[in-house]
Amino acid sequence: MFYHRKELFYPVNVGTPDPQFGQFLLEQFGGATGELTAALQYWVQSFHVENPALRDMLQDIALEEFNHLEMVGKLITQHTAKLDQTKVYEAPLFKMKGIGPHFVDSQGSAWTATYINEGGNVVRDLRANIAAEGGARQTYEALLKCTKDKGTIDALTHLLTREITHTNMFMKALDAIGKLDDPMFGNVKPDDTVDVVFNLSQGEEGRGPWNEAPFDYIENPQPKGKIPASPANPDDEKIHLAAE
Ligand code: MN
Ligand code: MN
């Protein structure tokens, strides 16, 4: 069951409308790192998670992301509402489509479900979510660099803060199931290269815990396979060079 309350989750009060900034904000409405992506990603993941507590966490965060989507939408509406009083060349997207928001990103590309990262395993999903939260946080920081409006800064700082909280929740969830520092999950037993690391970018070698013991560091990796046979292609040119 869904219901909607008309009060905003957190206040949105734009002081000086800026349609160009409104266009930037679309990145968090209909963009890859945006709130629609996050809300739908966590919501759909919750359908295939067996554990009730983890499913509840995903649904709580999904619903908070819908609140964020509403806040970003209101920010865009307020930034574009007085479009007729501004230089239209600053925001051609709203000149064509009218007052926002719209489900496109800051460059006008339509939102797509390919932005959503989910699959049938909770560890896979929680790890994808940490990356998603990182992307959202980074976009909010980029947006904060582009505005001096006090009300906008307040709302965006709250939204950025919440993505840090969500990251923390996803990390705690992985830790609780022993998968924050254990890369292995699923049912397929890895082969005997699982602790082997290869030095494939040679020159100015960097060493650290990712390629030191207990990893087996192969300084000068050699191919295990042979040169593959030439393809048989009846449509190709039949070339015989003098040297052959
Ligand atoms: Mn959010
Ligand atoms: Mn989030």
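Guide: In what follows, a residue is buried if its relative accessible area is under 20%, exposed if over 50%, and partly exposed in between, using a 1.4 Å probe and protein chains only. The model is predicted, with local features requiring pLDDT of at least 70 and side-chain atom pairs counted only at pLDDT 80 or more, whereas totals for chains, interfaces and linings use all residues; side-chain values rest on heavy atoms, without hydrogens or water. Residue numbers start from 1 along each chain as its sequence is written, while chains are lettered from A and ligands numbered from 1 in the order in which they are written.

The manganese ion (ligand 1) is coordinated at 2.1 to 2.5 Å by Glu35 (OE), Glu35 (OE), Glu65 (OE), His68 (ND1) and Glu163 (OE). Donors here are N, O and S atoms within 2.8 Å of the metal (3.2 Å for Na, K and Ca); because water is not among the atoms, sites may look incomplete. Along the chain, the donors of ligand 1 follow the spacing E-x29-E-x2-H-x94-E. Glutamate 35 belongs to helix H3 (residues 35–47) and histidine 68 to helix H4, so this pair ties together parts 33 residues apart in sequence. Helices (H or I, at least four residues) and strands (E, at least two) are DSSP runs numbered from the N terminus. Glutamate 35 and histidine 68 are both buried.

Glutamate 65, in helix H4 (residues 52–80), and glutamate 163, in helix H7 (residues 150–176), link distant parts of the chain, 98 residues apart. Glutamate 65 is buried at a relative accessible area of 0%, as is glutamate 163 at 1%.

Helix H7 also packs against another helix. The axes of helix H6 (residues 122–144) and H7 come within 9 Å and cross at roughly 160°; axes are lines fitted to C-alpha atoms, for helices over the stretch in contact, and angles between N-to-C directions run from 0 to 180 degrees. H6 and H7 are therefore roughly antiparallel, the class for angles over 145 degrees, with under 35 roughly parallel, 65 to 115 roughly perpendicular and the rest oblique. Their crossing is left-handed, meaning that the near helix is turned anticlockwise from the far one by less than a right angle. The contact of H6 with H7 comprises 16 nonpolar, 4 polar and 5 charged residues, where Ala, Val, Leu, Ile, Met, Phe, Trp, Tyr, Cys and Pro count as nonpolar, Asp, Glu, Lys and Arg as charged, and the others, Gly among them, as polar.

Since arginine 162 lies in helix H7 and glutamate 64 in helix H4, the pair ties together parts 98 residues apart in sequence. A salt bridge requires a side-chain nitrogen of Lys or Arg within 4 Å of a carboxyl oxygen of Asp or Glu. Arginine 162 is partly exposed at 22% relative accessibility, whereas glutamate 64 is buried at 10%. The structure holds 5 salt bridges, including that of aspartate 125 with arginine 124 (3.5 Å, N to O). Aspartate 125 is buried at 0% and arginine 124 partly exposed at 30%.
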